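Subject: Structure for you to look at

Hello,

Here is the structure I promised to pass on. Please open it and keep it beside you while you read my notes.

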Amino acid sequence: MAVRRFIASGFLGIACQMAGFMALPAHAADKAFGEYLAGECVTCHLPSGRQVGGIPAIAGMPEISFMALMESYARRERDNQVMQAVAGKFNSDELAALAAYFASLKPE
Amino acid sequence: MSPMSSLNRRALLTGLGASAGVFAIGSSAVIGQAKPRVVVIGGGAGGGTAARYIAKDSAGALNVTLVEPSRQFVTCFHSNLVVGGYKQMADISHSYEKMAAANGITMAHDMAARIDRDRKVVMLAGGQALPYDRLVVSPGIDLRYDSVPGWGREHETAMPHAWKAGPQTTLLVNRLNAVPNGGVIVMIAPPNPYRCPPGPYERVSMFAHVLKKAGKDRCKIFVIDPKENFSKQALFQEGWDRHYPGMVEWLGPKIHEGVKSVDPKTGTVVTGFETYKDAALVNVIPAQFAGEIVRSAGLANASGYCPIDPASMRSTIDANIFIVGDASIAGDMPKSAFSANSQAKVAAMTVRSELTGSRVFPARYTNTCWSLLNDDDAIKVGGQFEPRPDKITSTVPFVSQLRESADLRKQTQAENIGWYAGIVADIFT
């Protein structure tokens with residue numbers, strides 16, 4: 001019985017892993033890396049999601065919106081010297097990691 | 001005897017020995033040995049950030065103690081906005097209580113008197129000894145009281161510096177408000193390197209703003225500068241001409257030929273070019289060097305500041321010590337709160353990885369300095385930085401442009417206000 005349960009859960013585990021693996025994009029977003037990189041964002045952008053002055057709230061922003069915004073700053077389609085400099089230096093893995101981190105925050 | 005049982009026996013003996021030692025020393029040693037110990041000296045933008053990030057991200061795996069004499073920290077950043085009447089002292093004063101409780105940081109409200117690097121202990125002025133496995137030091141700057149002839153510590157009431165925020169800021173505000181129409185203000189600007197490169201010139205803007213707003217536009221502000229040029233110079237000078245015509249005169253060293261002497265009793269400043277008598281206010285911003293604690297510990301070089309490894313902010317003199325903020329030699333990064341905050345996160349990540357085995361990420365540095373010229377007219381300078389073998393190097397610099405739209409300048413000031421809320425939350429929550 002115990003052996004059977006072990007085998008069953010093992011199969012289930014493998015099945016889940018496979019499903020998870022298949023659902024992931026080519027470069028899995030590394031949230032821990034994103035949290036580290038976000039250190040430079042949160043000097044201005046409040047992780048609470050509160051907006052003060054001219055610094056917009058980004059906590060809880062959907063990943064796809066975050067990526068689109070950062071890419072438009074990187075291409076200098078959006079105006080802001082600070083954000084153009086910040087966005088311009090991140091590669092796509094780093095942007096994905098940042099997007100995953102900010103999307104995971106729950107605005108207060 | 002098998003090797004296994006020999007090891008077991010040795011472990012048992014060591015364990016017993018340690019226990020006996022613990023009982024003899026007292027219970028504090030048990031707690032001290034339970035977790036690696038991190039001591040952070042200085043509760044400003046560098047030390048406050050380092051303590052918070054080390055404690056927060058290690059989630060109780062480390063003992064973090066923050067040594068800071070003040071219970072309320074008054075930020076030097078935005079103290080010029082207090083001078084300009086845009087903010088009050090309460091707006092730039094922050095308590096440690098919330099951040100200590102929320103992140104599990106032990107506060108030691110005392111002065112760090114000495115670092116015993118051989119024993120890895122910080123001695124506090126009150127006599128307490130704080131042993132450390134890693135030490136982060138962020139003492140900021142000390143003023144060189146011997147750098148302006150005739151001026152010293154005993155004259156900082158007569159001729160305030162206000163380059164460390166607090167009572168000096170209040171004094172400067174009161175003295176500024178007492179300047180009569182037609183009165184003369186002399187600012188003696190500092191030589192490089194110093195805290196907040198655009199700071200003296202933002203302050204000049206705030207002086208002129210307050211005077212003009214009070215209808216005292218016959219006042220004159222002379223800036224006696226030892227430098228040939230300064231941060232955002234064209235932007236500041238254009239702003240002074242536009243907002244405060246005829247009120248500000250900046251003199252570089254080729255013109256004034258140096259400050260020969262000052263007389264705090266009579267408000268006199270003698271330069272090689274001219275003597276300013278009966279000045280209503282003389283703001284002396286002297287030369288600076290790293291805070292005393294790191295110089296006396298032998299962590300500074302001949303420049304008076306501390307050399308660091310660009311990839312980690314680790315002292316090149318002592319591998320157990322990290323130096324962040326104004327006291328460090330951070331290559332192309334200016335001495336600013338934003339820089340200190342950024343450097344502290346790199347140091348915090350490195351300290352945690354060494355003591356807890358947490359992941360190591362590549363060092364990233366960033367900075368922006370905003371300066372206010374007048375109502376809704378702010379400028380900025382900043383950039384991205386990366387560690388190179390010789391120094392932290394600027395990679396993507398930017399600076400505001402002349403003739404920007406009023407809307408953009410207003411937006412820049414709104415950013416400045418938002419940034420302040422962000423950085424103080426990043427340190428004090």
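How many salt bridges does the structure hold over all chains? There are 25. Keep in mind that this is a predicted model.

**Inside chain B**

Start with B:D426. The side chain of B:D426 forms a salt bridge with B:R52, at 3.3 Å from N to O. B:D426 sits in helix α12 (residues 406-428) of chain B and B:R52 in helix α3 (residues 45-58) of chain B, so this pair ties together parts that are 374 residues apart in sequence. Both B:D426 and B:R52 are buried.

B:D426 also forms a salt bridge with B:K345, where the closest N and O atoms are 2.6 Å apart. This pair links distant parts of the chain too: B:K345 lies in helix α11 (residues 337-356) of chain B, 81 residues from B:D426. Are these two residues buried or exposed? B:D426 has a relative accessible area of 3%, and B:K345 has 9%. The cut-off for buried is under 20%, so both count as buried.

Salt bridges with shared partners also make one network of B:E238, B:R242, B:D377, B:E404 and B:R409.

Now compare B:D57 and B:K56. They form a salt bridge as well, with the closest N and O atoms 3.1 Å apart. Here B:D57 is partly exposed, at 28% relative accessible area. B:K56 is partly exposed, at 29%.

**A sheet in chain B**

Chain B has an open sheet of three strands in the order β14-β15-β16, with antiparallel pairing. B:S261 stands opposite B:V270 in β15(B).

**Where the chains meet**

The contact takes 24 residues from chain A and 35 residues from chain B. The area buried between them is about 2,300 Å², and carbon and sulfur atoms give 59% of that. On the chain A side, A:Y36, A:T43 and A:Q81 lose the most area to chain B, together 30% of what that side buries.

Two salt bridges are counted between chain A and chain B. In a salt bridge, the side chains of B:R364 and A:E94 meet at 2.3 Å, N to O. The interface also has 11 residue pairs in polar contact. By class, the side of chain A that touches chain B has 13 nonpolar, six polar and five charged residues.

Best wishes

Key. Residues are numbered from 1 along each chain as its sequence is written. Chains are lettered from A and ligands numbered from 1 in the order in which they are written. This is a predicted model: local features need pLDDT of at least 70, side-chain atom pairs count only at pLDDT 80 or more; totals for chains, interfaces and linings use all residues. Side-chain values use heavy atoms; hydrogens and water are left out. Contact means heavy atoms within 4.5 Å. Buried area is the accessible area (1.4 Å probe) that two parts lose on being put together, summed over both. A salt bridge is a side-chain nitrogen of Lys or Arg within 4 Å of a carboxyl oxygen of Asp or Glu. A polar contact is a pair of N or O atoms within 3.5 Å; within protein, one must be able to donate a hydrogen and the other to accept it, and residues adjacent in sequence count only if both atoms are side-chain atoms. Ala, Val, Leu, Ile, Met, Phe, Trp, Tyr, Cys and Pro count as nonpolar, Asp, Glu, Lys and Arg as charged, and the others, Gly among them, as polar. Two strands pair if DSSP finds at least two bridges between them. Helices (H or I, at least four residues) and strands (E, at least two) are DSSP runs, numbered from the N terminus. Buried means under 20% relative accessible area, exposed over 50%, partly exposed in between (1.4 Å probe, protein chains only).
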